[in-house]
Amino acid sequence: MSRGEFKIVSVIGARPQFVKAAVLGRALRCHPGLKEVLVHTGQHYDREMDQVFFEELQIPAPAYNLGVGSGSHAVQTAEMLRRLEEVLEREKPQRVLTYGDTNSTLAGALTAAKLHIPVDHVEAGLRSFNRAMPEEINRIVGDHLASLLFCPTETAVENLKREGITAGVHQVGDVMYDAALLFGEMSRSADELLEQVHVVPGNYLLMTLHRAENTEHKDQLARFFSGLGKLDMPVLFPVHPRTAKVMEQFGISVPGNVRCIPPASYLQMLSLEKHARAILTDSGGVQKEAYFLRVPCLTLRRETEWVETVQTGWNRLVGLDPVALQQGLKEHWNGAARSSCDCFGDGRSAERIAQIESEVLAQ
Ligand code: UD1
C-alpha cells in the first residue's frame with residue numbers, strides 16, 4: 001500500500017453480492033486514494049453461481065478465497081469467522097464493507113466489529129419483519145454493528161430509525177439499480193437459450209425459487225409444482241443448486257410446461273427477465289429487476305423488503321400458493337393500475353458510496 005492510501009476489505013460470498021461488489025468496485029477504483037481488497041468467503045462455489053459472475057462482470061480475482069462452502073448456518077458462519085479473522089489481522093484494513101443479507105454479510109460484520117475495524121453495510125435497513133428468515137437475522141445484526149449504513153430506499157432509512165439507528169445513515173439509492181443500468185446494456189441475447197427450451201420471447205413466465213422457507217417442506221413444494229402445471233404458459237426455471245437438491249430428495253415431479261435450466265448468469269438473467277411475460281420469484285434482487293424492467297412480478301412469499309415494488313402495482317405477494325398465483329396472474333393480465341417511482345435512486349449509488357468512504361477515510 002502506498003502512502004496516503006486507505007485499504008478497504010470487501011467481504012463477499014454469494015451470487016447477489018458479486019453483482020453489488022462489481023459496481024461498487026468500479027466506483028472505488030475511481031478514487032486513487034482507496035485500495036479495495038476483495039475477500040470471497042466461498043459460500044457459493046459452483047461455477048455458474050460464482051466464477052461466471054467474476055468473468056462476465058469483470059470483477060478482479062479476489063485476493064483471498066476462504067473456501068468455506070456449504071454447511072449448517074452455524075458451521076458455515078463459524079468457518080467464515082475463523083478464516084476471516086486471520087485475513088483481517090494480516091491485512092489490517094481501515095474499513096470493511098459488507099453487502100446485503102447473507103451469512104457472509106453476518107460473518108464480515110461480526111469479525112470486523114470484534115477486531116474494532118469499522119464495518120459499513122451496503123443495502124442497509126431492509127426488513128421483512130419475519131425473523132424466521134435467516135437473512136432477516138443477518139440484516140439486523142449487520143446493521144446494528146455497522147458504522148456507515150448505505151440505504152437503498154427511504155423505507156430502509158425509516159426502518160433503521162425505528163430501531164434507533166440514525167448515525168452514519170446515508171440514503172444513496174440502490175446499487176442493484178446501478179448494476180441493472182450498467183450491465184443491462186451488455187445483457188446477452190437469450191434467444192438461443194429460449195429456442196433450446198422451446199420458449200418464445202414474450203410468451204413465458206420466468207421463475208426463481210430458492211429461499212429456505214420455500215424449499216424445506218415437501219408437501220408445500222409438491223403442491224406448488226403441481227399447480228404450475230395448470231398454467232397455460234411455459235415456465236422457464238433456472239434452478240438454484242439448493243432447490244435442485246431438495247427437488248431430487250423429495251422426488252418432486254416437474255410438469256411438462258416447466259422448463260428447468262441451470263442457474264443463469266447475470267447478463268443472461270437480465271435478458272430472460274426482459275423478455276418474460278411475468279416473473280415469479282422469491283428472490284429480493286429479482287423482484288427489483290422486474291420493477292426496473294417494468295415486467296409484472298408475482299412474489300412467492302408472504303412479505304417483501306421491497307415494498308415500493310408492491311406499492312407501484314408491479315409486484316404482488318402470492319406466497320407459495322398456486323391458487324393465489326393464478327389469481328395474481330389474472331389481475332396482472334387484466335391491466336392492474338401501475339405507477340412508477342424513483343425510489344431506487346438514479347443509478348449513481350455506487351459513486352455516492354465510494355465518495356462517502358473516501359471522505360470519511362480522509363478525515
Ligand atoms: C444464499 C443467501 C441468500 C441469497 C442467496 C442467493 C444466506 C443465509 N442465504 O442462499 O440470502 O439470496 O444465497 O443465491 O446466506 N449450493 C451449491 N452450490 C453453490 C451454492 C450453494 O450446491 O454454489 C447449495 C448447497 O447445498 C447449500 C445450499 O445450496 O447448502 C444453500 O446454500 P447457502 O449458501 O447456504 O444459501 P443460499 O440458499 O444460496
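The entries below go from the domains to the ligand.

**Ground rules.** I am working from a predicted model, where local features need pLDDT of at least 70, side-chain atom pairs count only at pLDDT 80 or more, and totals for chains, interfaces and linings use all residues. Residues are numbered from 1 along each chain as its sequence is written, and side-chain values use heavy atoms, with hydrogens and water left out.

**Domains.** I found the protein divided into domain 1 (6–174 + 346–362) and domain 2 (184–333), with bounds from an automatic or database domain assignment. I noted 27 Å between their centres, taken over C-alpha atoms.

**Domain interface.** I then looked up contacts (heavy atoms within 4.5 Å): 23 residues of domain 1 touch 21 residues of domain 2. The buried area, meaning the accessible area (1.4 Å probe) that two parts lose on being put together, summed over both, is about 1800 Å² here, and carbon and sulfur atoms give 57% of it. On the domain 1 side, Glu48, Glu56 and Met133 lose the most area to domain 2, together 25% of what that side buries.

**Ligand shell.** Where does the ligand lie? Both domains give residues to the shell around it, so the ligand lies between domain 1 and domain 2. I listed 21 residues around the ligand (a heavy atom within 4 Å), and Gln43, His44, Asn103, Arg242 and Lys245 come nearest. Helices here are DSSP runs (H or I, at least four residues), numbered from the N terminus. H1 (15–29), H3 (73–91) and H11 (241–250) each supply at least two shell residues, and H11 gives the largest share, three residues.

**Polar contacts.** I looked for N or O atom pairs within 3.5 Å. A polar side-chain atom of Lys245 sits 2.4 Å from a ligand oxygen atom. Backbone N or O atoms also lie by ligand oxygen atoms, at 2.9 Å for Asp46 and 2.8 Å for Asn103.

Methods: Polar contact = N/O pair within 3.5 Å; in protein donor to acceptor, adjacent residues only side chain to side chain.
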